[in-house]
Amino acid sequence: MRKNQRYLALLLIAALFSFTAAAQTITVTGNVKNSGSKEGVPAVSVTVKNSSAGTFTNEKGDFKLVTSQKLPVTLVISSIGFATKEVDVASLSSPVQVDFVPASSLGAEVVISASRVPQRILESPVSIERVSAANIRNAPAVSYYDVLANLKGVDVVTSSLTFKTPSTRGFNASGNTRLNQIVDGMDNQAPGLNFSVGGVVGLTELDVDNIELLPGASSALYGPGGMNGTILINSKNPFKYQGLSFEVKEGIMNTDSRFRSVSPYHNWTVRWAQKISDKLAFKIGMELVAAKDWLGYDQRNYSRTGTNGQIIPGDRATDPNYDGINVYGDETTADIRSNVFPGLAGQAPFLKGFLDTLNGGKPINVSRTGYKESDVVNPNTLNYKLSGALHYKLSSKTEAILAGHWGTGNTVYTGSERYSLKDLKIGQYKIELNNPNWMLRAYTTQEDAGESYNATVTTRLVNEAWKPSTGSTGWFSQYAQAYVGARLNGATDFAAQTQARAFADVGRPAAGSDQFKTLFDQVRSVPISKGGGLFLDKTNLYMIEGQANLSPYTKSFADIIIGGNYKRYVLNSEGTLFADSTGKIGINEFGAYAQATKSLFNDVVKLSVSGRYDKNQNFKGKFTPRVTMVIKVAENNNLRFSYQSAYRFPSTQQQWINLNIGSNTQLIGGNKSFIDYYNLKSNPTYELSNTGGPPAQTAYTYPDSKAESVTTYELGYKGLLTKNLLVDAYAYYGEYSDFLYRTLVLQPNAGTTIINVDSALAKGAIASNLGRIFSVPANTTSKVKTYGFGASIDYRLPLGFSIGGNLSSDNLKDDGGFRSSFSTPKYRGNFTLANTGFGTSRRAGFNITYRWQNSFYYDGDFGNGQVPAVHTLDAQFSYKFPSAKTAVKIGANNLLNQYYINGIGNSMVGGLYYVAFAYNVF
Amino acid sequence: MNIFNKIKNSGAVVFAFVMLLVSCNKLYTDPTPLAVPANPSGNNLAKTVAATASDSLYYKLILKSGILTATPATITDSTLRFTMFVPDNNAMKVFINAISGGLVPLAAPDAAFAGFISSTSPNYIPAATALAIVSYNIIPQAITTASFPTSFPNIIYPSIFNPAPPLSSLLRLDLYPSKRSTASYVNNVPLSSSDALASNGVIHHVPALLTPPSTYLWDRINADPDMTYFKAAILRADSGSVTPGPLQSALLNIGANLTVFIPTDSALRAAITGQITLALIAQGVPPATAAPTAAALASTPAVFSNPALYSSLTPAIVSGLVAYHILGTRAFTVNFPTTAATVYTLIGGPPYPGLSIQATFTGPFVTAATVKGAANTTASNLLLDPTPSTGKSDQNYLNGAIHKIDQALRPQ
């Protein structure tokens with residue numbers, strides 16, 4: 001008892017000393033102004049030299065710093081884009097006034113992602129691109145995702161206005177699963193749908209602090225998935241960026257009414273952050289985007305075999321089996337000779353001989369009449385984002401963060417089909433503890449597909465709901481009878497087909513009619529598992545990860561960081577996407593990594609060695625090493641070499657998807673349970689050729705699925721040739737092993753052998769009419785090899801002008817003899833001319849960016865074909881009103897309204913012209 | 001200012017360059033239509049026939065048929081496609097001479113034939129008959145001889161003639177174009193000239209008018225005094241079934257398409273006599289007695305309904321015998337191969353025995369044709385006489401063709 005009293009007394013004394021210490025602090029106040037424009041500069045770091053005390057200026061440039069140091073003190077004022085300044089404070093009688101001089105920030109940026117510790121971008125051991133909030137503010141882009149397209153080596157696949165998928169180093173696709181997107185430390189990939197949803201659910205534009213892009217393999221530090229790169233998007237800390245800010249963008253699209261009527265574009269963003277005390281701050285943000293989406297309008301004819309195919313001549317009027325790329329419902333096809341004529345000959349035997357003569361005895365393939373994308377996909381794209389965070393400083397160095405990002409809306413995605421994501425809702429929530437020397441984070445991604453539906457399948461089912469395809473009174477039967485009748489009356493084949501379609505389509509619901517809408521709504525609201533088109537996906541992800549920087553203890557030997565994570569997917573689609581009709585499916589993964597960095601030869605060489613081990617419950621563990629070296633060839637000039645590896649486990653869909661996509665085609669996962677479920681071995685399947693050749697004559701064996709891995713070697717240089725000229729260049733070579741792809745196998749119809757199938761295909765039959773097609777994931781046995789290079793310059797001219805440009809190239813050296821879907825232009829580049837402040841008080845600014853990529857062959861599950869070269873001009877002009885803390889910007893994405901696509905079947909992207917009014921945007 | 005000028009100038013160059021490039025954006029959204037065969041210019045079929053002097057009599061028949069003014073339009077419609085088999089004036093004269101019972105002699109002037117055709121007398125050529133004939137000679141596809149089938153037996157092409165619309169609106173009588181060596185045929189008639197193109201089809205000339213059949217195979221078998229044994233065999237084969245039995249029904253079915261090799265009465269009588277003789281000898285009757293006994297038993301077609309022979313001429317046995325004389329396709333003698341080839345009968349395909357058929361041609365005409373059963377020691381000859389209705393070979397009916405033969409065919 002006495003002992004306890006002594007402890008209590010000691011505590012009280014300690015507390016008293018604490019209060020005494022608190023009583024001895026001083027408070028320094030002041031204001032930081034831009035020396036040129038005289039406007040307050042927000043988010044400027046103000047620290048006390050040789051102390052851990054520090055703060056940031058608020059939106060007016062004011063700061064208030066509490067320190068236990070005694071006067072005089074020296075304040076260090078720093079911010080990117082300004083020359084760091086030291087100010088001596090000897091008296092507190094008046095606020096400190098700081099004239100902050102803008103300076104070139106070339107090469108001064110600090111990046112974290114390259115090594116998971118802060119370092120100057122010039123010293124990054126691997127290629128890295130950084131986009132700051134200022135870059136976003138000055139970019140001629142309507143959204144920050146569009147800024148990514150201007151980075152070196154980046155391709156963006158645009159499914160729709162708000163669904164854009166950045167890719168690096170090849171294998172472009174909508175929803176690229178080889179590129180990680182990490183938003184505020186959280187993997188932004190929808191765990192069930194398998195695409196990153198940064199454009200829909202990520203940060204609001206005003207809350208983006210910076211974007212870092214690591215092109216190339218990056219699994220060693222960021223875990224599975226970063227085969228071709230990792231994008232890290234970080235939000236603004238409410239302690240640093242405070243106050244209310246908002247931006248209203250109003251624009252117009254579809255100005256030439258080529259695909260849609262002229263339509264407005266609305267983008268409203270608001271952010272409010274407040275430092276309640278030195279320990280507690282919060283932020284809340286919202287963003288609303290509403291517009292008429294770009295339209296998928298590729299009406300070209302497509303010869304489809306499961307998820308493979310090619311563009312062919314023909315249109316609805318001239319090809320009875322027409323299947324337009326962005327026309328839906330016409331994927332339902334049948335050979336009326338083999339499917340209907342036998343029935344007709346049974347009823348009218350005298351016709352049999354005649355029927356045999358038609359079309360020279362070859363198959364008469366006929367497709368049902370489809371509807372255009374504008375008829376079946378909700379044109380109203382809507383995106384509503386809500387995010388918020390509570391930051392609490394547990395100590396001067398340790399900060400706790402409770403944050404959430406939630407988004408909902410409508411958008412369009414191109415996968416194996418076109419999907420209308422309607423009322424999609426995804427939330428990401430995290431709790432995080434941050435310290436310069438360690439980090440602990442737990443988060444979850446909660447996915448809800450809302451009322452999303454497969455536009456292709458839904459439209460096919462609408463056709464079926466109106467008039468079934470099969471049966472004696474079905475559409476094909478009616479078509480065939482009318483066709484035969486017309487031929488008996490002397491009609492040419494062409495005329496008879498036309499008459500037959502007109503006859504079979506009598507009473508067909510007209511697009512946009514009440515009858516069509518009723519049918520369509522009926523079908524799309526029925527879950528896929530019950531014969532409709534609706535997804536019920538509510539797959540979730542749970543993740544916990546931590547990292548420790550051991551450098552304080554190991555500095556004498558090397559800087560060392562270690563980390564690890566545990567991840568659990570819970571698949572829950574009620575049988576509409578995955579094979580989970582009987583219950584949820586769990587998938588567990590864990591991983592751990594370590595990195596040691598050592599400076600050698602007086603910091604001329606910096607060597608870093610990393611390694612990571614990950615294990616997925618369904619696959620063997622993978623170890624991925626990384627070795628990097630940075631050689632300082634001169635001050636601010638560095639050469640970099642890296643050997644990196646990366647891998648990805650088959651995605652949740654590649655493991656468990658079980659989705660009928662029509663055309664008698666079933667997407668299935670690689671899990672072995674599918675083999676029994678579909679009798680794939682007892683009723684053998686045969687691999688179809690993806691080059692038009694004959695199918696394999698021996699049964700497909702279903703080898704075990706494995707993780708895909710890549711090893712890359714990279715050489716790069718980044719440096720300031722003069723203080724105003726930054727040059728960055730790289731070249732890489734990559735080798736993929738166990739490359740994951742999908743292949744098509746056919747399970748012949750009962751009573752049919754693969755020899756019959758082969759023979760029928762040679763005569764022009766459609767594979768899906770000869771058996772059931774399965775699209776199955778597979779690993780290649782041969783290696784896929786890629787190489788490429790990129791180079792950029794950034795030159796700062798006097799009077800705030802700057803020019804920059806980059807050129808990059810990605811090449812497939814060896815596709816391993818199979819369909820690797822490289823889908824990437826060989827060359828791309830862009831050129832920018834900009835000024836961030838000219839005219840009176842440097843209030844005006846502009847940016848003109850020209851982008852180009854050459855033509856390339858796009859190989860996607862939805863469509864294959866040559867994508868024409870793309871030339872795009874983006875521009876913006878802005879003017880600031882410092883006293884009102886406002887700015888006006890007028891800008892255009894695709895100024896000359898030159899429509900383009902960057903993936904077959906995707907939306908036609910045209911010009912978007914906008915005016916923005918921003919308040920307190922920093 | 002200097003730097004501004006430099007920027008301005010270089011900016012202008014860059015801008016011009018960019019504008020040049022941007023203007024090159026291509027976007028492919030529209031499908032490429034497939035080439036649709038254009039309607040050839042020139043006269044349509046009707047006008048082509050009308051303009052051919054040597055076809056003037058047939059054109060009179062066309063006019064008489066009313067097909068040129070019928071709805072929907074056929075050979076006058078340039079958007080449709082037809083094949084016409086057109087008899088020249090000589091062929092028409094033979095036809096008119098025949099149906100007029102010699103009233104219009106072959107040597108009569110053309111005007112006399114034209115007058116006969118155009119006459120409204122119902123005793124001459126009624127319009128409905130003219131329409132049936134003209135329609136029967138039109139195939140609703142444009143078929144040049146290049147696409148005529150060259151292998152046995154032929155391809156069935158329906159004409160536009162529906163003999164019984166109430167039965168089925170899709171019902172059509174068929175024609176059988178074929179090509180052997182350098183000659184082309186429709187049914188058993190060699191073309192005299194071919195492939196005359198009109199804007200909406202093709203014309204082939206025939207040296208004899210094809211008239212549509214109007215009766216069934218059974219009608220001929222039932223009425224022909226030299227097919228009584230075969231008829232009796234059919235009835236015996238069908239005995240025990242509801243009348244008409246399956247064989248008779250097939251021979252009466254407009255949907256069937258058969259070739260029937262019918263032994264003459266004497267041929268079938270001889271075959272049955274032989275069979276009975278063998279049966280009697282097998283039962284211990286001395287050959288010297290067996291032969292006359294069998295001849296007496298088989299002396300009339302009633303042999304098939306003789307209760308004494310029920311055990312040896314069972315319906316199954318007789319049915320097999322009859323079916324072995326019938327092919328499931330319609331073959332005219334011109335469709336027979338020049339070297340013997342096996343074809344299968346209604347008994348079934350392999351392993352059942354087939355028939356070996358062969359024809360000998362002189363020019364475009366068949367001068368000899370044989371068919372041999374698997375158990376026959378010699379081939380039976382087709383009795384060549386293609387006279388319509390009363391002839392012995394290439395007798396064309398609604399549901400097949402008949403060839404008379406001089407030996408019964410024996411499968412085993």
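Residues are numbered from 1 along each chain as its sequence is written, while chains are lettered from A in the order in which they are written. In this predicted model, local features need pLDDT of at least 70, side-chain atom pairs count only at pLDDT 80 or more, and totals for chains, interfaces and linings use all residues.

The mean for chain A is 89, and 96% of its residues reach 70 or more. Where pLDDT is low, the predicted coordinates should not be read in detail.

Next, select A:Val44, A:Leu148, A:Val745 and A:Leu746, which have the most contacts inside the largest nonpolar core, a set of 173 residues. A nonpolar core is made of buried Ala, Val, Leu, Ile, Met, Phe, Trp, Tyr and Cys residues joined through C-beta atoms within 7 Å, and a residue is buried if 20 or more other C-beta atoms lie within 10 Å of its own, exposed if 12 or fewer, and partly exposed in between. Strand β42 of chain A, residues 740-748, gives the most to this core, with five residues; helices (H or I, at least four residues) and strands (E, at least two) are DSSP runs, numbered from the N terminus. Leaving aside neighbours within four places in sequence, A:Leu148 is in contact with A:Val154, A:Val156, A:Pro166 and A:Ile211.

Move to chain B and select its open sheet of four strands, whose order is β2-β1-β9-β8 with mixed pairing; strands pair if DSSP finds at least two bridges between them. The edge strands, each pairing on one side only, are β2 (138-139) and β8 (193-198) of chain B. Strand β1 (residues 82-87) of chain B runs antiparallel to β2(B), joined to it by two bridges, and B:Met84 stands opposite B:Ile138 in β2(B).

Finally, display the contact between the chains, which takes 41 residues from chain B and 44 residues from chain A. On the side of chain B that touches chain A, α1(B) supplies the largest share, seven residues. Then select B:Tyr28, in the loop between α1 and α2 (45-50) of chain B. B:Tyr28 is partly exposed because 16 other C-beta atoms lie within 10 Å, and, beyond its neighbours within four places in sequence, B:Tyr28 is in contact with A:Arg300 and A:Pro868.

Key: Two residues are in contact if their C-beta atoms, placed from the backbone, lie within 7 Å. pLDDT is the predictor's confidence in each residue, from 0 to 100.
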